[in-house]
Amino acid sequence: MAWTRNILRVNLTEGTCTPEPLNMQWANDYLGSRGLASKYLTEEVDPKVDPLSPDNKLIMSTGPLTGTMASTGGRYTVVTKGPLTGAIACSNSGGYFGAEMKFAGWDMIIFEGRSPEPVYLYLENDKAELRDASHLWGKSTWVTEETIKTAHQDPQIRISSIGQAGENGVLYACVVNDLHRAAGRSGVGTVMGSKNLKAVAIRGTKGVSGIRDFKEFLKVTSEKKQILAENAVTGQGLPTYGTQVLMNVINEMGALPTRNHRDVQFEDANKISAEAMAEPRASDGKPQLVTNAACFGCTIACGRIAKIDETHFSVVNKPEYWGASGGLEYEAAWALGAANGVNDLEALQYANLLCNEVGMDPISFGATVGAAMELYDIGVLSKEQIGLDAPFGSAEALVKLAEMTANGEGFGKELGEGSKRLCSKYGRPELSMTVKGQEFPAYDSRGIQGMGLAYATSNRGACHLRGYTVASEVLGIPVKTDPLTIDGKPALVKAFQDATAAFDSSGLCIFTSFAWTLADIQPQIQAACEGDWSLERLELVGERIWNMEKQFNLAAGLTKADDNLPPRLTTEPAKVGPAKGLVNGLDKMLPEYYELRGWDGEGVPNGATLERLGL
Amino acid sequence: MQKSLYIDPVKCTGCLQCEMACSYTHTGAFNPSKSRIKVFDFEHEGRKVPYTCTQCSEAWCLHACPVDAIKLDARTGAKVVFEDTCVGCKVCTIACPFGTINYVADTGKVQKCDLCDGDPACVTACPTDAITYVDADWSGLGRMRAWAARANSAAI
């Protein structure tokens, strides 16, 4: 069995840790990780629950291929009801933590209730203990990891934790593992903080021994690794440039949201790109990028390890930031940079380091700063209200606002609530570039039409990782479609969403999908897991997961009105570039999408659909 | 011809495929905690370094063992632990200056790299050629070649 068949239920209110068998029926219907954890959440949590109340639950889950030699087999997912969106929240992370959970013998950990005092969970194989974390409260994720490893005299422990952002109620706080990998979006770290759960520290020495057919598994995973190695994106582009390979490409397309989506091209995109990260600096003659790095089991290695310029104003006399650490990914570079019109690569890296350190999502944070800068620009917010001048393009403002948000100081508290609440508070809700309260990532849907539908219908709010039609519309994967038209996009979005849900539930990384389709995942699952795992079954699992998430959101009170885009994207045409004159055609795509999904005109799955999916 | 593991840390991404391959070969499970090769992450320098036994000619572990449980495999040059003989006294773990032979509480024996009988699994698994298996007499060949390539380069 690629599943360990064991889950750990941790009642934080009572202080108990109780093992129980995995529900194998659900594993067979929802595979693992995202799907399986979401199934448990929807079965156990009232969709109308206050996300930050003890009645919400937080689930960390591996997939059947987590902790195996399948390439990228190190992923885990954090699932809960999200405080930023009020929708299901489901954030996926790499690093080494997920595999360690599996090696300790657990498919999943379910956290319930709220601890009266700060605690961390220590797991050493079967041994599970809640330990006092009062000395860690108020500490960063970096200090937390180091302190726990030192206390246990065990440098091989893997740790997921929250930083100050998760403690202070920043609504887009992350759960950070292995210093700079994160279950980043939708505020899963905020929920963890609300439970007084500071960290999960795991040491697993059992390994994964339950692969159905090891010989076949090694053969097929080896063949699939070869496909990744030979593919231009996964074999060359991502290891060399990281996701940042996209910065100049997307800018050229006129789809790089700039200054809170006022513009679709950033005049200084080249200054915050992958190429800029590799360029030797004037100050020390070294590039910001030190090397690439892999997560557990990953043969792509897209991760960035970077060193900030020690002479940059943000880190003068702050040697704790001078070492090599997680570098800018495309989304972070965009959100901290283009979204605010900031072109200072070192300032972006400082804000990025802060996000990792205190545990907050750089996408939502950066985009919220973009909204604040627009409110400042049009005179809705004053220097006195913000506490500083915050014009578009100000690296000084970005740095200061990152510190204020991280520490919950002054106006930083308002930034910590995200752009929807910020813009509503100041009477300009239309300026919030969000769906379901979650900030957009780095693709403007006027220049990449399919992404507008993907954002509007994403079950966790605006997100690029729920249906990445960019692959098709920009990169031609698996087939090239025209990014400027809506033709065929509803079917494309549905296909990407369903396949992604299955990818995410396997324990593998969605970035493999630049080179693999679900048909490449299928034989790996088949070799690892008992039963008949056909491609058709996996597609059905993906669609089932999507509809289950949707049902949770509907029961939580979300409606068709939440499957929407801000008016800027549907009424203000792109000013320049290939998409000049275009708005997003969501109104035409959405009805067709609902129909393709077997949903009624209000976006509610009909009886036949639910029956077909076994829901 | 004997061969040696040749490790180029610059190429290592920290994916741990080598640790999984090693543990699978020796224990039948994907279990980095039982791997005989370990990847060290010097986080703040951005360096990752795989490290394992160098198969010393005059092996400290072999000479220290009071029950002769560690023997030379003349074909591969590996110093191999015979578990049936090992009594788990751990003297070898103290003797080894490099720390590459270690006690395993689950088995009550020590373990170290045995070069997988001449076909090291870590080498096959490494996706970046950070770990290769080369002529033991010529582990410096690649670097010699790199320097040689610079000779007369002005003439090109």
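Analyst: Buried area is the accessible area, taken with a 1.4 Å probe, that two parts lose on being put together, summed over both. Between chain A and chain B it is about 2,100 Å², and carbon and sulfur atoms give 60% of that. This is a predicted model, in which local features need pLDDT of at least 70 and side-chain atom pairs count only at pLDDT 80 or more, while totals for chains, interfaces and linings use all residues. Residues are numbered from 1 along each chain as its sequence is written, chains are lettered from A and ligands numbered from 1 in the order in which they are written, and side-chain values use heavy atoms, with hydrogens and water left out.

User: How many residues of chain A and chain B are in contact?

Analyst: Contact means heavy atoms within 4.5 Å. By that test, 38 residues of chain A touch 23 residues of chain B.

User: What makes Glu346(A) and Arg281(A) a salt bridge?

Analyst: A salt bridge needs a side-chain nitrogen of Lys or Arg within 4 Å of a carboxyl oxygen of Asp or Glu. Here the N to O distance is 3.0 Å, and the pair qualifies. Glu346(A) lies in helix α12 (residues 345-358) and Arg281(A) in the loop between α10 (274-277) and β13, so the pair ties together parts 65 residues apart in sequence. The count over all chains is 48 salt bridges, but between chain A and chain B it is zero.

User: Why are β8 and β11 of chain A said to stand at the edges?

Analyst: Two strands pair if DSSP finds at least two bridges between them. The open sheet of six strands runs β8-β7-β12-β9-β10-β11 in chain A, with mixed pairing. β8 (127-132) and β11 (181-183) each have a single partner strand, so one side of each is left without a neighbour in the sheet.

User: What makes β7 and β12 of chain A a pair?

Analyst: Six bridges join β7 (residues 119-124) to β12 (residues 197-203), and the two run parallel. Within this pair, Tyr120(A) stands opposite Ala199(A).

Notes: Helices (H or I, at least four residues) and strands (E, at least two) are DSSP runs, numbered from the N terminus.
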